[in-house]
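Look at the sequence and the model side by side. We will walk through its charged pairs, then turn to one helix.

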Amino acid sequence: WERVCALRLFGPDEVVDQQQAIQTTKPNVPGAANIEISKPGSHILAFASNPSFSDFEAERFNRYLSHQGLSAISADRKARAKQNTNGTELYARRAKALFQLGDQPTQNFSKPIGQTLEIVPIANPFSFRKAGTLSVEVLWRGEPLQGATLMVAKGGGEKGRENAVMTDANGRASFEYDPAAPYLLSVVWGEPAPNDARADYFTIFSSLTF
């Protein structure tokens, strides 16, 4: 939480800054936020962190790129013959959580909120009454992102069952969805940072929970 730069709540009719709701991290106490939702409908809680810096030796950085599916950065390192040099990056996090208050889902869930890397549901997860196929769109700087690896964790978090789905030419990926279970969707993407002296690459970790 000490690296939070924005916490906002997107409701059916308004956007509310939630910075005052943040409880900062203390020794042995994780950070938290107390959010009040009073209007029925679907809501999006959006979190953004400030960038942090990493510097990995070449082999570790290459493994990291492969594991995370960061193909654009891998291709850039290969094109510049940099596979045997350290990899430096600035990385940040963008997260969204969907909440439903009441029985009537609203349409604001599918509107992009402008995150650098963003997962947008095509259908409202709260409208499902039985298991079915749920599709999402992954956006990078507002445009559909092809070739990104979307991780789908049923059950949520590290204890959930996880599988990988690749986004298509329209930035979309689909998976079998069970409305009775919580889900954590995550994706990572990065690009060269030629105008930033601090690091070679800029990477975003994005997630969506519901």
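Glu118 and Lys96 meet through their side chains in a salt bridge, with N and O 3.0 Å apart. This is a predicted model. The bridge links distant parts of the chain. Glu118 sits in strand E8, residues 117–121. Lys96 belongs to strand E7, residues 87–101.

In total, the structure holds six salt bridges. Another one joins Asp13 and Lys39, with an N to O distance of 1.9 Å. Here, too, distant parts of the chain are linked, 26 residues apart. Asp13 lies in the loop between strand E1 (4–10) and strand E2 (15–17). Lys39 lies in the loop between strand E4 (32–33) and strand E5 (41–49). Lys39 has 41%, so it is partly exposed.

Next, find Asp178 and Lys154. Their closest N and O atoms are 3.6 Å apart, and they form a salt bridge. Asp178 is in the loop between strand E13 (172–177) and strand E14 (183–192). Lys154 is in strand E11, residues 149–154. This pair links distant parts of the chain, 24 residues apart. Asp178 is partly exposed, at 24% relative accessibility. Lys154 is partly exposed as well, with a relative accessible area of 28%.

Now turn to helix H1, residues 58–68. Which of its residues are buried? They are Ala58, Phe61, Tyr64 and Leu65. Seen down the helix axis, the buried residues of H1 fall within an arc of 125°, and therefore they line one face. An α-helix has 3.6 residues a turn, so residues three or four places apart point the same way.

What do the buried residues of H1 pack against? Their partners are strand E6 (52–56), helix H2 (71–79), E7 and strand E15 (201–209). On the other side of H1, Glu59, Ser66 and His67 are exposed.

Finally, look at the ends of the helix. Glu57 caps the N-terminal end of H1. One of its side-chain oxygens lies 3.0 Å from the backbone nitrogen of Glu59. After H1 comes Gly69, with a positive phi near 75°.

Conventions
Residues are numbered from 1 along each chain as its sequence is written. This is a predicted model: local features need pLDDT of at least 70, side-chain atom pairs count only at pLDDT 80 or more; totals for chains, interfaces and linings use all residues. Side-chain values use heavy atoms; hydrogens and water are left out. A salt bridge is a side-chain nitrogen of Lys or Arg within 4 Å of a carboxyl oxygen of Asp or Glu. Helices (H or I, at least four residues) and strands (E, at least two) are DSSP runs, numbered from the N terminus. Buried means under 20% relative accessible area, exposed over 50%, partly exposed in between (1.4 Å probe, protein chains only). The arc is that of the directions from the helix axis to the C-beta atoms. Contact means heavy atoms within 4.5 Å. A polar contact is a pair of N or O atoms within 3.5 Å; within protein, one must be able to donate a hydrogen and the other to accept it, and residues adjacent in sequence count only if both atoms are side-chain atoms.
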